[in-house]
Amino acid sequence: MADELWPAELGPVVCVVGARPNFMKMAPILRALSAHQPAVPALLVHTGQHYDNDMNDRLFVDLRLPHPDINLEVGSGTHAVQTADVMTRFEPVLDSHRPSCVLVVGDVNSTLACSLVAVKKNVPVVHVEAGLRSHDRAMPEEINRLLTDQLADRLYTTERSALGNLTREGVAEERVCFVGNVMIDSLLSNLEQAHPPARTLQMAGRDAALLDDANGYGVVTLHRPSNVDRVETLQPLLAVLREISEALPLVFALHPRTRANLERFGLSELLSSPRIVLLPPQGYLEMLGLMAGAKLVLSDSGGLQEESTALGVPCLTIRENTERPITIEQGTNTLVGCDPQAIRKGVAEILAGAGKRGRIPEFWDGQAAPRIVADLATWLLARHTLRTA
C-alpha cells in the first residue's frame, strides 16, 4: 500500500525524546513507523532536557536517528521548572500539528510533561515501557512512571509482570499490550557497529593496555543523585571501586553530575590510579563496545541492567531497588545497594566464575518496535473509523 493511503486527517504521531535513554528507545520505533505499510507519519520532538553534546548529538548519529523536527531547547533546571518549561513549549506543537497521538517513552520529566499537555488537549497518549515499578517514590522517575501510565490511552510493556502493576493501579487490561523491549532492538541492530574497547580508550587518549589484564576489565557508571550528591554515600563507593580495581581494572565513564561532585567534595584523588581509566561521557557505540567486552558492569543505570542482560554480562546494580525485576529473575543483574561489603562480595563471585549469565527474556528479540507499530496503526485506524462512522 502506498504511503498516501494513511488517512491524512489523522495527523502525525508526535514522538517525544528528552534524555539519553529515550533516544535508544525511539530510534527503532521511528524506523518501524516509516517501514509500516502504509507508512505512519511521525514528528520527532526533542525537548532539549539533555543538551550536552556527548550525551545528545552523538547519540543521534550513533543510533541513526533523524534530526529532530522540533527542538524545544528546555535545558536543565529543577524538576518543577523543567517540567513546566516542557509543558509551556510543547503545547503550541500540538496546536500547530494536530497529531493522531503523542508517543512517549521511559520515565524522564519530558515523558510526564508532554503526556500532561496531550491529555489536557484530548490528544491520545501512548506510553512505551509502561508498568515498570521500583516501588520507591523517592525516585523522581517512579512518580513520572506512575502518572504517565494513568494518563496513557495505550500502554506497551517490556515484561509480563508490568501488567500486574498496571491492573493493581486500575489500568484496564485492554489498554495494555506486551511487546518486548525496544532498548534491545537498538542494541541488536547496532552490536556489529559497536566500537572496540581499545579504540575507545585510544581515542580518549588513554592507555588501552589495561584491557589486557588477565581478569579482564569492569565498566562503571554512576549518576543517580542518591549515589553521587552526598559525600557520605559517594566517598565509600569510590573507595570500594578503588579497592576492586586492584583485582580488576575499571573503565569509569563519568557523568557530568558525578564529575562535578568529585571536584566539589574533593574526592578526585580516590580515582587517581593506573588501574582506573576515567572517560568523559561516551557515545552509544562506545559504551556498547565497552560493555560487550567487559567482565562485569557496576552501575546505577536502569538501561545498563537491560543491556548487560541482553549481552550476557554480569551486572551489579548499585541501588536498593530496581524497576526492572526481570533483569534479576531471568537476566544477569544483582542488586548490591550502596553496601561496600555487598559490592566486594559480588565482584569476588564474578571473578571466581560464579557471576550470573542468565537468559534472554521473552520478546527481547529485536522486534519490539515492529510489534508496537503494528498494534498502534491498527488502534489509531480503529479510533479513526469510529469517529468518522
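**Figure 1. Helix H7 (residues 182-190) is largely enclosed by the rest of the structure, because seven of its nine residues are buried.** Buried means under 20% relative accessible area, exposed means over 50%, and partly exposed lies in between (1.4 Å probe, protein chains only). This is a predicted model: local features need pLDDT of at least 70, side-chain atom pairs count only at pLDDT 80 or more, and totals for chains, interfaces and linings use all residues. Residues are numbered from 1 along each chain as its sequence is written, and side-chain values use heavy atoms, with hydrogens and water left out. The buried residues of H7 are Val 182, Met 183, Ile 184, Asp 185, Ser 186, Leu 187 and Asn 190. They pack against helices H1 (20-35), H2 (57-62), H12 (284-292), H13 (302-311) and H16 (368-388), and against strand E5 (125-128). Contact means heavy atoms within 4.5 Å.

**Figure 2. The whole protein has 16 helices and 13 strands.** Helices (H or I, at least four residues) and strands (E, at least two) are DSSP runs, numbered from the N terminus. The radius of gyration is 21 Å, close to the 21 Å that the globule rule gives for 389 residues, so the protein is as compact as a globular protein of that length. That radius is taken over C-alpha atoms, and the rule is 2.2 Å times the number of residues to the power 0.38. The C-alpha trace spans about 70 × 40 × 40 Å along its principal axes. Of the 389 residues, 57% are buried. Take the contacts between residues at least 6 apart in sequence: 71% of them join residues at least 24 apart.

**Figure 3. Seven strands form an open sheet with parallel pairing.** Their order is E3-E2-E1-E4-E5-E6-E7. Strands E3 (70-71) and E7 (176-178) stand at the edges, each with a single partner strand, so one side of each is left without a neighbour in the sheet. Two strands pair if DSSP finds at least two bridges between them. Strand E2 (residues 42-46) pairs with E3 in the parallel sense over two bridges. Here Val 45 stands opposite Ile 70 in E3.

**Figure 4. Strand E11 (residues 296-299) has buried residues pointing both ways.** Leu 296 and Leu 298 point one way. Val 297 and Ser 299 point the other way. Four bridges join E11 to strand E8 (residues 218-221), and the two run parallel. Gly 218 stands opposite Leu 296 in this pair. Three bridges join E11 to strand E12 (residues 315-317), again in parallel. Ser 299 stands opposite Thr 317 in E12.

**Figure 5. Val 228 is buried, with a relative accessible area of 0%.** This residue lies in helix H9 (residues 225-228). Set aside its neighbours within four places in sequence. Val 228 is then in contact with Leu 222, His 223, Leu 234, Arg 257, Thr 258, Asn 261 and Phe 265. Leu 238 is 10 residues from Val 228 along the chain, and their C-alpha atoms are separated by 9.9 Å.

**Figure 6. Arg 224 sits in the loop between E8 and H9.** Arg 224 is buried, with a relative accessible area of 10%. Leaving aside neighbours within four places in sequence, Arg 224 is in contact with Met 139, Glu 141, Asp 300, Gly 302, Arg 319 and Glu 323.
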